[in-house]
Amino acid sequence: MAAVAYRYTPDLFDEAAAVRETPLRSTAKLAERRFTAWRGRSGRRYVASVFSVDDVHALGFTDGVLLAVSSERKIIAARDSGPFGVEAALGRWQRAVMEAGACEIHVHLLAEDGMSRRAALLDLMPEAA
């Protein structure tokens, strides 16, 4: 008799899993933390580059997912950098997240298209209080 595999799929009435940072084991011993990973509510893993919140290079990427991260390792804001990296809008966002308490910006560049970036944003975005 064959074994039956069962995969649990959460439904609308289940409590959503929390978004959490899961640092990369391969870089754990490095003095400077350049990369990290986040688990979304879906359980999906998103690898990201780590930048200081005031580092202008974090805003120079196009077609990326930007995560503003607090010192408590929580995502406080998220956005798509856009196809052209609109500098004025990104600069306003950077100042706003700094005022909100962000200490780092994590940049996820592995989403292949706009739909993938939108899905990552929905999976990682902080819930409204």
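Predicted model: local features only at pLDDT ≥ 70, side-chain atom pairs only at ≥ 80, totals over all residues.

Colleague: Fine. Which residue forms a salt bridge with Arg 73?

Modeller: Glu 21 does, with the closest N and O atoms 2.9 Å apart. Glu 21 sits in strand β1 (residues 20-21) and Arg 73 in the loop between β4 and β5 (75-80), so to speak distant parts of the chain, 52 residues apart. Helices (H or I, at least four residues) and strands (E, at least two) are DSSP runs, numbered from the N terminus.

Colleague: And is Glu 21 buried or exposed?

Modeller: Buried, with a relative accessible area of 16%. Arg 73 is partly exposed at 27%. The cut-offs are under 20% relative accessible area for buried, over 50% for exposed and partly exposed in between (1.4 Å probe, protein chains only).

Colleague: Which residues are linked with Arg 73 in a network of salt bridges?

Modeller: Glu 21 and Glu 104.

Colleague: OK, over to helix α2. What does Arg 117 meet in a salt bridge at 3.5 Å?

Modeller: That's Asp 63, with the 3.5 Å taken N to O. Arg 117 is in helix α2 (residues 114-124) and Asp 63 in the loop between β3 and β4, 54 residues apart. Arg 117 counts as buried at 8% relative accessibility, while Asp 63 is partly exposed at 29%.

Colleague: And how far apart are the closest N and O atoms of Arg 117 and Asp 80?

Modeller: 3.1 Å, in another salt bridge of Arg 117. Asp 80 lies in strand β5 and Arg 117 in helix α2, so this pair ties together parts that are 37 residues apart in sequence. Asp 80 is partly exposed, at 24% relative accessibility.

Colleague: Switching to rings: how many aromatic pairs does the structure hold?

Modeller: One. Rings of Phe, Tyr and Trp (its six-membered ring) pair if their centres lie within 6.5 Å; planes under 30 degrees apart are stacked, over 60 edge-to-face, and the rest tilted. The centres of Phe 51 and Phe 61 are 5.8 Å apart and their planes are at 55 degrees, so this pair is tilted.

Colleague: Where in the chain are Phe 51 and Phe 61?

Modeller: Phe 51 is in strand β3 (residues 45-52), and Phe 61 is in the loop between β3 and β4 (65-70), 10 residues apart. Phe 51 is buried at 12% relative accessible area, whereas Phe 61 is partly exposed at 28%.

Colleague: Last thing, the overall fold. In what order do the elements run from the N terminus on?

Modeller: β-β-β-β-β-α-β-α, with two helices and six strands in the protein. Buried residues make up 36% of the 129 residues.

How values were computed. Residues numbered from 1 in each chain as written. Heavy atoms only, no water. Salt bridge = Lys/Arg side-chain N within 4 Å of Asp/Glu carboxyl O.
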